[in-house]
Amino acid sequence: MLTTAELKRAAQAEIDRRRDALIGVARTILDSPEAGFREVRTSGLVREHFRRMGVPYEDGIALTGVKGILEGGSPGPTVAVLGELDSLKVLGHPHADPETDAAHACGHHAQIAMMLAVGTGLKAAGVLDALAGRVALIAVPAEEYIEIEYRDRLRRGGKIEFLGGKPEFVRLGAMDDVDAAMMTHTTSNPDESIIAIGGTNNGLLAKMIRFTGRASHAGGSPHAGINALNAAMIAMTAIHAQRETHRDEDTVRIHPIITRGGVAVSSVPADVRMETFVRARTVEAFTAASEKVDRALRAGALAVGGSVTITTLPGYLSIRSDETMLKTYGSNAADLVGRQNLVSLTHRPGSTDMGDLSQIMPVIHPYVAAATGQAHGADYVVEDYELGVITAAKAMAMTLIDLLADDARLARRVKSEFQAPMTKNGYLALMRGMVNEETYTE
Ligand SMILES: [Zn+2]
Ligand SMILES: [Zn+2]
């Protein structure tokens with residue numbers, strides 16, 4: 001039997017041997033970006049690679065998700081490696097789809113390549129046989145919580161219940177056989193050194209808002225209309241007026257957009273739509289902030305004499321990392337990039353549905369600084385594919401070997417010591433309890 005060090009060397013050598021093809025996967029997805037729950041081509045590419053690698057898989061999970069399984073040489077826990085299929089939408093991104101504005105401005109194309117690279121490394125001769133348990137290679141849809149109106153139609157049509165991919169995976173039971181999970185995200189933040197680990201982030205609630213007024217001639221008879229756009233403007237001002245009431249330690253972020261501002265300039269706007277997130281560090285804090293937002297939205301409708309329909313939808317929960325997995329990953333990452341290039345994160349005000357998984361199972365979600373530009377900006381580009389695909393995959397493959405070698409002693413310990421903040425059913429009940437729709441009419 002190979003030693004753990006020999007297994008890690010074999011996996012790394014196999015990833016290096018397939019380097020160009022693996023980086024090619026990331027570049028192919030970069031040039032074919034698709035937003036969440038629409039990742040048809042990207043999902044097809046994952047299936048094609050699984051077939052070529054001889055990895056059995058299930059597909060069509062949460063519409064486009066794919067889950068492959070690598071079997072170890074003996075029974076044991078299942079650890080998942082995730083990669084996110086979806087792109088964001090950013091106008092003017094150099095790799096944007098000109099038709100849809102879809103663009104990989106968050107680096108998820110690199111994650112799919114990393115996930116396949118981990119599988120490639122573990123399939124090196126002798127590695128899987130020496131491991132106990134299984135590795136699930138999961139391509140998960142829709143991490144970017146966008147296109148709320150489109151996804152809400154999918155929800156009302158019964159195609160999905162939650163608007164993010166990982167909550168859907170949990171609901172559908174696709175994580176029931178998974179004991180722990182990891183994924184690596186790219187970052188462009190220089191303060192995060194080369195590899196950044198740990199930390200917490202914000203959770204969020206999402207809102208879809210529709211102000212209804214009355215159309216009339218905007219020049220001839222505005223007195224006969226009810227201006228829904230003015231209602232939205234008043235509501236936004238009222239939201240802004242409450243910013244001083246949010247506590248700093250809750251790191252509240254509220255950032256509405258207007259997705260429909262009117263139809264014809266000569267007609268008083270009668271149907272104006274907004275989407276917003278209400279983010280904060282805890283469920284209690286984003287729930288409290290959400291009530292203030294609802295008051296502000298009603299105030300807009302009240303002021304113009306119109307009405308507002310507020311649909312509140314569950315978003316994501318805050319992330320927590322498993323300390324044992326983090327330590328194991330950190331030591332492998334340090335071997336690859338040097339201890340001095342590894343930093344521990346504090347709190348990030350963004351959100352991810354990896355947070356949801358972290359409430360029910362042990363997870364880690366490290367970052368590799370392989371990109372430049374602003375995250376979610378038109379200039380966010382993964383530049384360093386050696387780090388963003390190859391090194392990132394090696395660090396995860398080495399961590400999986402540590403977890404599952406030696407009859408999966410470490411993975412069994414992680415599993416037995418994990419104190420889940422909530423059960424799967426508790427999580428689903430919390431999420432379902434956040435759904436609310438109200439219409440306020442003056
Ligand atoms: Zn993102
Ligand atoms: Zn992302």
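A salt bridge here is a side-chain nitrogen of Lys or Arg within 4 Å of a carboxyl oxygen of Asp or Glu. Keep that in mind, as we'll meet a few of them. The model is predicted, so local features need pLDDT of at least 70 and side-chain atom pairs count only at pLDDT 80 or more, while totals for chains, interfaces and linings use all residues. Residues are numbered from 1 along each chain as its sequence is written, chains are lettered from A and ligands numbered from 1 in the order in which they are written, and side-chain values use heavy atoms, leaving out hydrogens and water.

Let's start with the salt bridge between aspartate 402 and lysine 8, whose closest N and O atoms are 2.8 Å apart. This pair links distant parts of the chain: aspartate 402 sits in helix H11 (residues 385–417) and lysine 8 in helix H1 (residues 4–17), 394 residues apart. Helices (H or I, at least four residues) and strands (E, at least two) are DSSP runs, numbered from the N terminus. Searching the whole structure turns up 34 salt bridges.

Aspartate 406 isn't a glycine, yet its phi is positive, at about 55°. Alanine 408, also placed in helix H11, has a positive phi near 60° and is likewise a residue other than glycine.

Now zoom out to the domains. The chain is assigned a domain 1 (4–201 + 318–427) and a domain 2 (203–316), with bounds that come from an automatic or database domain assignment. Their C-alpha centres lie 35 Å apart. Where they touch, 24 residues from domain 1 and 18 residues from domain 2 take part in the contact, which means heavy atoms within 4.5 Å.

How much area do domain 1 and domain 2 bury between them? It's about 1700 Å², with 58% of it on carbon and sulfur atoms. Buried area is the accessible area (1.4 Å probe) that two parts lose on being put together, summed over both. On the domain 1 side, Tyr145, Ile148 and Glu149 lose the most area to domain 2, together 36% of what that side buries.

The count between the two domains is one salt bridge. Arginine 273 forms a salt bridge with glutamate 149, the closest N and O atoms being 2.5 Å apart.

Finally, look at the metal. The zinc ion (ligand 2) is coordinated by Cys106 (SG), His108 (NE2) and His185 (NE2), at 2.1 to 2.4 Å. Donors are N, O and S atoms within 2.8 Å of the metal (3.2 Å for Na, K and Ca), and water is not among the atoms, so sites may look incomplete. Along the chain, the donors of this zinc ion follow the spacing C-x1-H-x76-H. Cysteine 106 bridges the zinc ion (ligand 2) and the zinc ion (ligand 1), which lie 3.0 Å apart. Histidine 108 lies in helix H4 (residues 108–122) and histidine 185 in strand S8 (residues 185–186), so this pair ties together parts that are 77 residues apart in sequence.
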